[in-house]
Amino acid sequence: KLEQIKHLAALHRKMKLSQGDYKSIMSLFNRYHEYKLNILSDKKSITPNNVLPDIEDNYQIIERLKHYQTRYFSNEEISAFFADEMHYHKQALSRMAITSDDTLSKSQALDVLEAAIRTQDIAQQEAFLPSIKAHVCFKH
């Protein structure tokens, strides 16, 4: 944390921020640091070492993320810093629910997943489709 504070101080000087602006940046940094420490602690308690989180674990982790976001940040800060992350988490949970659904055949699961992924931008489609196909084929 000390090294990061030094970088923030250098940034303050380079950008010629007022003392009030610097205090605001330091406050935001300190709140973010506390947020990350709490998240790491919770993740360790929810999913012990070497255990992959299941869908319920991931729901718990996301609920804890939301809890800490509202604890440490304003609505504007949450929108600015976490909107994309929360969108990604919701999509990931949706994909996990599909792959966990034992009532779907391998073919049905792939069809539903591919339809969901096709609504994403091209980069996300290219990133997710190969691993999703492998996961579904391995699971079933």
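**Exercise 1.** Which pattern does the protein chain follow when you read along the sequence?

*Solution.* Before you start, note that this is a predicted model, where local features need pLDDT of at least 70, side-chain atom pairs count only at pLDDT 80 or more, and totals for chains, interfaces and linings use all residues. Residues are numbered from 1 along each chain as its sequence is written, and side-chain values use heavy atoms, with hydrogens and water left out.

Step 1: find the helices and strands, which are DSSP runs numbered from the N terminus (H or I, at least four residues, for helices; E, at least two, for strands). Step 2: count them, and you get six helices and zero strands. Step 3: write them in order, giving α-α-α-α-α-α.

**Exercise 2.** Find out which residues make up the largest nonpolar core.

*Solution.* A nonpolar core is a set of buried Ala, Val, Leu, Ile, Met, Phe, Trp, Tyr and Cys residues joined through side-chain atoms within 4.5 Å; buried means under 20% relative accessible area, with a 1.4 Å probe and protein chains only. Step 2: list the members. There are 12 residues in all, including Tyr 35, Ile 62, Phe 73, Phe 82 and Leu 93. Step 3: see where they come from. α2 (19-46), α3 (55-72) and α4 (75-100) each supply at least two, and α3 gives the most, with five residues.

**Exercise 3.** Work out what Phe 82 touches, leaving out residues up to four places away in sequence.

*Solution.* Step 1: a contact means heavy atoms within 4.5 Å. Step 2: go through the partners, and you find Tyr 32, Tyr 35, Gln 69, Phe 73 and Glu 77.

Conventions: Buried < 20%, exposed > 50% of the residue type's maximum accessible area, 1.4 Å probe, protein only.
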